[in-house]
Amino acid sequence: MAAKSIISRPVYGTLSPQPGKHHLFIADAEGALAITDMAGKAPPGFFDGAEIVFIPGPGGKHIAALEALKSAQLHIAPSFASLLPRLKQTLTNAHMGLRIYLAGTEGLIGQAMQAALEAGIDHVSMQTEQRGSLARRMQCVHCKGITENVTTQPALCAHCGLLLLVRDHYSRRLAAFQGVCINAEDRSEIPPMEEIFP
Amino acid sequence: MGITFRKETFRDDYTFRNSPEYIRRFPFPFNEDSYMYAVNIEPHVVGPKGSVLENLIDVDEHYVAEMEDRALVLAEDPLRCQSLPHMTLAGWDLLELLMEQQALGYPEHFTLERSGDRWRWINRPLGIDDTFTFGDTSTLPYGPMEYITRQSQGDFCILDQRDGNLWMDAGMVTTQADWSLDFDIGMNFFEWHAPVPLAHEKGIFTRALKFLTNIQQGKPARRLNWTMTINPRLDTSPENYHKWGPDRATVTPENVGQKVHLRVELQSFWRLPRSNGIVFPIRCYLIKMDELVTQPKWARRLHRVIRDLPEELATYKGLTRYRPTLVEWLSKLDDGSPTSPGFGPD
Amino acid sequence: MSTGTTKLDVVVSDVVPVNDLVTRFHFRRRDGELLPTFSGGAHVVVEMRDGDRTRLNPYSLMGSPLDTREYTISIRRDDVGRGGSLFMHRQVKPGLEMVISYPVNLFSLDLRAKKHLMLAGGIGITPFMAQTSQLAGAGGNFELHYTCRTAALGTYADVLRERYGNRVRLYHDDREERIDIERLLSSQPLGTHLYVCGPAGMINWVRERAASLGWPSETVHFEHFAAPQPGAPFDVTLAVSGKTIRVGEQQSLLEAIEAAGVDPPYLCRGGVCGQCETNVISSDGKFIHNDHWLSEEDHRSGCKIMPCVSRFEGKSLVLER
């Protein structure tokens, strides 16, 4: 569970069934369990109007549990990038009343939310639940490059090579945490890297 | 008559200086010998002649040089000026506000002629004479916010008011004290202030937000903020932190007077009529220690404020590395005698 | 410190009866200058000096924000209210000098919306007049559904049809025409915002239907036209200013406080914006809360009151004013 620190650091909740007939779930890895846990609280017929998009990751766990929900659609994708064109199409054609539920790693939640924000959905309207790895997406404030799967503090920018402090300051728009050069004032200071976002 | 604009730089050779009459004009931000956050907002009304409040939008001797520095920053990094798609109307509101205020306060330098929606804007110091259709972006070389803020001192954030909150959805930010528009654009009032230590616990932002969302047309408000900068560098952005950050380690007892600058932000808040948004100008003033201490009261007061500043604030404002050197230097000018109440020099 | 608005000196330039119930009023600035521009959905607060009584009522600006030579408002006559609309209908004539506030907007468009869906009931059409003008001027995407009792009482319906063609749908109660709310709210593209202004019953019905159909509350915007209701007179002690006042039958508590020379902040005059929230120091009696600002708990606690719309019955009431 992601710890609360500064106010711009997103706080995720627990998925709960919303009123309406159409529901879109996007999840990766352990996020599937957030959906199955929520299913216990959902009214009968809830999943008749639901589409689930799932990135299982290596090992293919949890697919069977999601199949058991018998939702209107279940799509398994190998990665977020591969599901994005289909997601954009769904959002373009969707009507008001579609509710969105995002579950799993912060990176998945953030990127799926980005697509939804661009389609005109307010972030407050979406349900989110963080499960599984706390690895972060990080934007280097200097070169603007985004580095995926950051698990250490500090971390190297995968684009320009600067050593960055991984801040808790988070941008929804970029779906990334801010990375700022940690040793700009004195380049000889090289703090040791620790694995702190498992 | 008008203002004599200085030729000076805010980078590389740093030739920025305040002319003698501008030293006493400086908006010294401390009215007592210690500092803590407060919701120090007051009505933004015209103040005494010869002060930075003599006009609600202040143009001073650094105008031309600041605009040249802004143009350089934008050429290097266009992401310093962004406007989310729904904010264009607010950009026109801001264009009207700044043109009216600058023409009103400085008629020798700026002229605005309006005939229906056909406007002519003359900016003599920058050699601009443009005729355009108000509301039609295709008749200007840039979007309205970028167009006018390339001709106005200070940073500008335009906030959209929705759901009882303020959202930073547009801005021109090239003279900031260490925050990134590209990162923060789209955040709400609490989110973009998240990194500020201590203030959240004190409920300062909740009260401030309540006040700001109720600001009405014709009744702007203002407050002062401050920090310190090494060298008169306007562009102290996180993007360029690796360029200016190292300067903090170059302060010595011999160069404090030349290098260490007090940086004051005069922030104001205006309701925008057509978009119902709020514009938040952040007008930046710099003064080096040698200039500041020509006013003995300010020297004594600044010494006490910096010496006693809580650790978290000093860290957040980036003073830690050179604070001891600065305090030591200022202490020589502080004989312990009382300082008069109020901000002004004696 | 409180905020509040600046005042404008205006003169009534025209009074036009629109139908049996509604009259339109035009204002120009006394000094001949243009009035301040505004955003669609804004209202002005009109000061009505009726002998020794002053009432203040908010009215939505109807005209286009693009043309501020004059402001226009439309007022529906209410024969059983506290008399504000009757004063306007009967006593305000062209040439009369009046004072109004600068525009205040508590019902603004969300300009991020990909589409604006507007539902108006009766005199609730007025803010949409200004909003549609604003959006039409900028090529915005909107659709207006307007319910009225009869065609004759469909204030400005023909003007709207003429301007906007089939972006406007009309529903007449006397012809049993009803908005098919299920179909309407199920067929809007993602990114639509919904705006409703009309009688309280209509607003509540639309909000409830929208919620059940999955519309997030952030996408549903509404404005009540709640005028303070008359009621039995009652006495109040203003502890801070040391005055005792009597709130008349046809007078709101806020107006009575203002008549005593005390000026609490206000913006909406209708119990929604929270500006006039007043602390109760002590009370012996029953509160009649008519606002939409305080929580249920605040209402029950008897520690706060919204003087613009709420009243009191009982032996004593002491307020922190």
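Trainee: Which residue does B:Arg120 form a salt bridge with?
Mentor: B:Asp129, and the closest N and O atoms of the pair are 2.7 Å apart. A salt bridge here is a side-chain nitrogen of Lys or Arg within 4 Å of a carboxyl oxygen of Asp or Glu.

Trainee: And what should I know about the model and the numbering?
Mentor: This is a predicted model, in which local features need pLDDT of at least 70 and side-chain atom pairs count only at pLDDT 80 or more, while totals for chains, interfaces and linings use all residues; side-chain values use heavy atoms, with hydrogens and water left out. Residues are numbered from 1 along each chain as its sequence is written, and chains are lettered from A and ligands numbered from 1 in the order in which they are written.

Trainee: Back to that pair. How accessible is B:Arg120?
Mentor: B:Arg120 is partly exposed, at 31% relative accessible area, and B:Asp129 is partly exposed too, at 41%. Buried means under 20% relative accessible area, exposed over 50%, and partly exposed in between (1.4 Å probe, protein chains only).

Trainee: How many salt bridges over all chains?
Mentor: The structure holds 61. One of them joins A:Glu51 and A:Arg86, with the closest N and O atoms 3.7 Å apart.

Trainee: What does that one tie together?
Mentor: A:Glu51 lies in strand S2 of chain A and A:Arg86 in helix H3 (residues 80-93) of chain A, so the pair links parts 35 residues apart in sequence. Helices (H or I, at least four residues) and strands (E, at least two) are DSSP runs, numbered from the N terminus. A:Glu51 is buried at 12% relative accessible area, whereas A:Arg86 is partly exposed at 32%.

Trainee: Which residues of chain B are linked in a network of salt bridges?
Mentor: B:Arg25, B:Lys49, B:Glu54, B:Asp58, B:Asp60 and B:Arg283.

Trainee: New topic. How many residues of chain A are in contact with chain B?
Mentor: 27 residues of chain A contact 27 of chain B, where contact means heavy atoms within 4.5 Å. The two chains bury about 2,200 Å² between them, 56% of it on carbon and sulfur atoms. Buried area is the accessible area (1.4 Å probe) that two parts lose on being put together, summed over both.

Trainee: Which residues of chain A lose the most area there?
Mentor: A:Ile7, A:Arg173 and A:Glu185, together 31% of what that side buries.

Trainee: How many salt bridges cross between A and B?
Mentor: The rule finds seven. One of them is B:Glu191 with A:Arg172, whose closest N and O atoms are 2.7 Å apart.

Trainee: Which element gives the largest share of chain A's side?
Mentor: S11(A), with five residues.

Trainee: And chain C against chain A, what area is buried?
Mentor: About 1,400 Å², with carbon and sulfur atoms giving 57%. C:Leu190, C:Gly214 and C:Glu218 lose the most area on the chain C side, together 41% of what that side buries.

Trainee: What is the salt bridge count for C and A?
Mentor: One. A:Asp122 pairs with C:Arg112, the closest N and O atoms being 3.1 Å apart.

Trainee: Which helices of chain C supply at least two residues to that side?
Mentor: Helix H4 (181-186) and helix H5 (200-212).

Trainee: Last one: what ipTM does the predictor give the complex?
Mentor: An ipTM of 0.88, with a pTM of 0.92.
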